[in-house]
Amino acid sequence: MTETATGAALLEVRGLSKTFSEKRGWPVPKTVAVRALDGVSFDVARGEALGIVGESGCGKSTVARACLRLITPDAGSVRFDGIDVAAASASALRTLRQRLQIVFQDPASALDPRQRIADALGESIKVHGIARGKAVMDSVLRLLDEVGLPPSAARRFPHEFSGGQRQRIGIARALALGPDLVFADEPVSALDVSVQAQILVLLDELRHRRRLAFVFISHDLGVVRHFCQRVAVMYLGRVVEEGPVPAIFEEPLHPYTRLLKASSPIPDPSRAVALDLQEGEPPSPVDPPSGCHFHPRCPYVMAQCKTVAPALQEVAPRRRVACHLFPAPAT
Amino acid sequence: MSATTAATPTATPTAIAAPSAWKRATRSGGLMIGLVIAAVMVIIAIAAPWLAPYDPNEQNVLLKLEPPSADHWFGTDAFGRDVLSRVIYGARISLFVGAFATLAGVLVGTVIGVVSGYLGGMVDRIVTAATDVLLSFPQLIMGLILVAVLGANMFNLILAIAITAVPAFIRVARASTLAMKERDFVDACRALGFGGPRIMFLHVLPNIMDEVVVMGSLWFAAAIRTESTLAFIGLGVPPPTATWGGIIRDGFDNLLDASWLSIFPSLAILAIMIALNLIGDGLRDATDPRAPQ
Amino acid sequence: MNVAAAARAGAAEASAAAPLVVEGLTTSIRIDRRWFDAVRDVSFAVQQRETLALVGESGCGKSLTALSVMGLLPAGVGRISAGRITVDGVDMTAASEASAQAMRGDRIGMIFQEPMTSLNPVLTVGFQIAESLIEHHGMSGRQARQRALELMELVRIPAAAQRIDAYAHQFSGGMRQRVMIAIALACAPKVLIADEPTTALDVTIQAQVLALLADLQQREGLAVLLITHNLGVVASVADRVIVMYGGDVVESADVDAFFARPTHPYSEALLAAMPRVDRSAAALAPIPGQVPTLPELPAGCRFQSRCPLRVDRCAERPPLMALAGSPGHSVRCWVRAP
């Protein structure tokens, strides 16, 4: 359990679950239940970056929205600095929103195209009453400087900027209220490699300078390895492995984590991606396999994997895995 | 000062800025023609007291049903009134009724549509059901019923046409709002602690105005058509006020031998409707983000 | 040694002219009313059973190069200003539109990044695979359907017989991409252009699709032009790599030589800016600034505005020079390859 100086984690998520009802199919649409989140638990300490990795359908984007109460979870709890986010009143939630922020993947979609940057950044400051009048513009200029944009940017509209610059603006907006924790939902996935590096360096600086905690959601293991201290691997709505970044990447335990790592291309021809991997489609969250969700693709599958879902167990100090290959150490 | 390697401090942020909407709009020939025609007609309507050669209601028994001549460019009607002056003054009615009815429809319909689309749930279901019911009535029949029940005067006419416009704008605004909700910036506003009203009216509404304006100009044309049709049936602004539909109605009995009574007001209706349609289409092309740039 | 090279080492080469030859290609784009060269003097050849990767970030001209080869530039906005493209011995640039159309799908196939928008949602996949067979090879409907079934099995779509009449939305992303590959290979083309074929796919599915492409390349003897921005993918499947920046070829080399010695300052910077899953967190070295927009690109060396090694001479465009001692490795830089 990760701890802050006061002994408790900054963000504590326990058993978060969410099922969506969707109408799918043609010609007659049927209502199907999509199990986006199934009992997700993790902690984030102050100033620490936790990575959440997984592929499409694993629920990682839903995690951010559920924690921020942009969608309502069906079950589970989210505690931020001891406060129960799900049960907070409207006004308590508003105050909470100053401390918990989010940066989105697509910078073009995340900004109001009709708002000048100065308004986009200053609006939240004014709405929360943090500053008034001229002080708002001062804050806006300080934010722009902090993310590496010139003051002239304040007068402009989002479409006048490149993708990387828009992402900086999105980050500035998230910082405007002085948060303690920022959810970053694939913040660099839509950017070119060279710009991606700029943004990662910026986020790292911000993490150190402002003691910001991050929940960094990504499908790119290289980026997560670089930026985060801890990582949680998700598959079809469940956390399958969690622990410190160096340990997990050096020696992944869960078969899915190993598959992810082996599939991630490395710019080194002598270590080409393992191309002799098994065939088969990934299951969809509409009808997940019984027991351990990964069993149809697992090279080490055993009988009990098909019927019993393995629990997330601590198998080494600060490392947890949900796999029958690694039963909890006998006490 | 931040130590990040970022855009060089002197470089002004640029991307390949697409030609602005205004530039695209002015390049569109259709839009410019429509604007010119509409502007001319509006000016004529406003300047009616100075432009009309005669008092539109002044009767002259001696000059009944005169064909177009140097004195009376559009001829005279059964009461000896100058048709040109009546057409000019008729423009005032049509444009006024059309504009206010459309405006009322836009305002009420857009607000309801945005709120309904944003809130979703039960509110949205009720509004959608009501809208579907209202839209199933042909606009003309609706207008007809309302005016027949309420009585034919300018206010009721505007009200009737506005009521037929409201469901159409609810639908447009709602659809656009639903599309906007998919974009991250709505979630971003919620994450920043903004309340529903602020998001709906300061963020969503300005972004859907493009579609609403396009619909508005097309509906303006439809409103004028409805007003003229109602006037033709006899349910418009009551005589002796000159209205285009009314002039046509008066000329109906003399359709063959005094055809100028039907032709000129019809041409006026045609002109304004073409103009508004050109404007609507031109605006749609200019604001369509997927148009080639 | 990476996969593709290892496989090719055993293959016998018929040394006839390369299936795809591009010489001095210059493609221009119209913005407002002016034409800008978005691709400048690009030359390369792709042999049978060889994979050439065109690598670069957005705006470098790699996708435009692919579209130029296919003759699919948007009319009125893009045009080939200079150069020659030869596919299977036929000069595509001089050919009429009718001849070019006959070549597309038949001798040269293309797969795109987003299979959902590239596949027709209202036609069955079987029909779409069979379409080019009917169009180019004059097969009957029944024959084409049979061949479509064989192709679906070739690209390893499970339960092909049941799914031949399914629609695009009934397949997952990886499966749709396989359908795209089947369509592209239907007429047994000599050349396959793959424009970011796996970028939209999950990383585990990406590995499967890349493996499939490598396997098909060997079996069918394809020349593959792979467009990507992912240097990891390049390292895994490509034989040769060309790095593009601002429409110029800045470096061209065998894959092993390239990764051992990335010579152009941009190539070097790009590799230093990539976080890697196999290395513990080291400081990333971002490239300062951003890619200039097309009208703003400098006339000489395209990279000069961001290059740490810039000298005055860079205002003049450097030629592509082979490195001393590595004839297959060329670089366009006054400082690194004088």
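In chain A, strand 7, residues 181–185, and strand 8, residues 213–218, run parallel, and five bridges join them. If you want a pair to click on, A:Asp185 stands opposite A:Ile217 in strand 8 of chain A. Before I go on, keep in mind that this is a predicted model.

So what packs on that sheet? Helix 10 of chain A, residues 255–263, does. That helix touches strand 3 (49–53), strand 9 (230–235) and strand 10 (238–244) of chain A, and its direction makes about 100° with that of strand 9 of chain A.

Now zoom out to the whole sheet. We've got an open sheet of eight strands in chain A, with mixed pairing, and the order reads 6-7-8-3-9-10-12-11. At the edges sit strand 6 (100–103) and strand 11 (313–316) of chain A, each pairing on one side only. On average, neighbouring strands in this sheet are turned by 25° against each other, direction ignored.

Over to chain C. Here we count twelve helices and twelve strands. Chain C has a radius of gyration of 20 Å, close to the 20 Å that the globule rule gives for 338 residues, so it is as compact as a globular protein of that length. Its C-alpha atoms fill a box of roughly 65 × 50 × 40 Å along the principal axes. Buried residues come to 50% of the 338 in chain C. And if you take the contacts in chain C with a separation of 6 or more, 65% of them are between residues 24 or more positions apart.

How is chain C divided? You get domain 1, which is 1–99 + 190–283, and domain 2, which is 114–186. Their centres, taken over C-alpha atoms, are 25 Å apart. Each domain of chain C puts ten residues into the contact between them. On the domain 1 side, helix 9 of chain C gives the most, with six residues. That side of domain 1 divides into eight nonpolar, one polar and one charged.

Last stop, where chain C meets chain A. The contact takes 43 residues from chain C and 40 from chain A. Which helix of chain C gives the most to the side touching chain A? Helix 9 again, with nine residues. Several helices of chain C supply at least two residues each to that side, including helix 8 (173–185) and helix 12 (265–272). By type, the chain C side that touches chain A divides into 24 nonpolar, 13 polar and six charged.

Key:
Residues are numbered from 1 along each chain as its sequence is written. Chains are lettered from A and ligands numbered from 1 in the order in which they are written. This is a predicted model: local features need pLDDT of at least 70, side-chain atom pairs count only at pLDDT 80 or more; totals for chains, interfaces and linings use all residues. Two residues are in contact if their C-beta atoms, placed from the backbone, lie within 7 Å. Helices (H or I, at least four residues) and strands (E, at least two) are DSSP runs, numbered from the N terminus. Ala, Val, Leu, Ile, Met, Phe, Trp, Tyr, Cys and Pro count as nonpolar, Asp, Glu, Lys and Arg as charged, and the others, Gly among them, as polar. Two strands pair if DSSP finds at least two bridges between them. Axes are lines fitted to C-alpha atoms, for helices over the stretch in contact, and angles run from 0 to 180 degrees between N-to-C directions. The radius of gyration is taken over C-alpha atoms; the globule rule is 2.2 Å times the number of residues to the power 0.38. A residue is buried if 20 or more other C-beta atoms lie within 10 Å of its own, exposed if 12 or fewer, and partly exposed in between; C-beta atoms are placed from the backbone. Domain bounds come from an automatic or database domain assignment.
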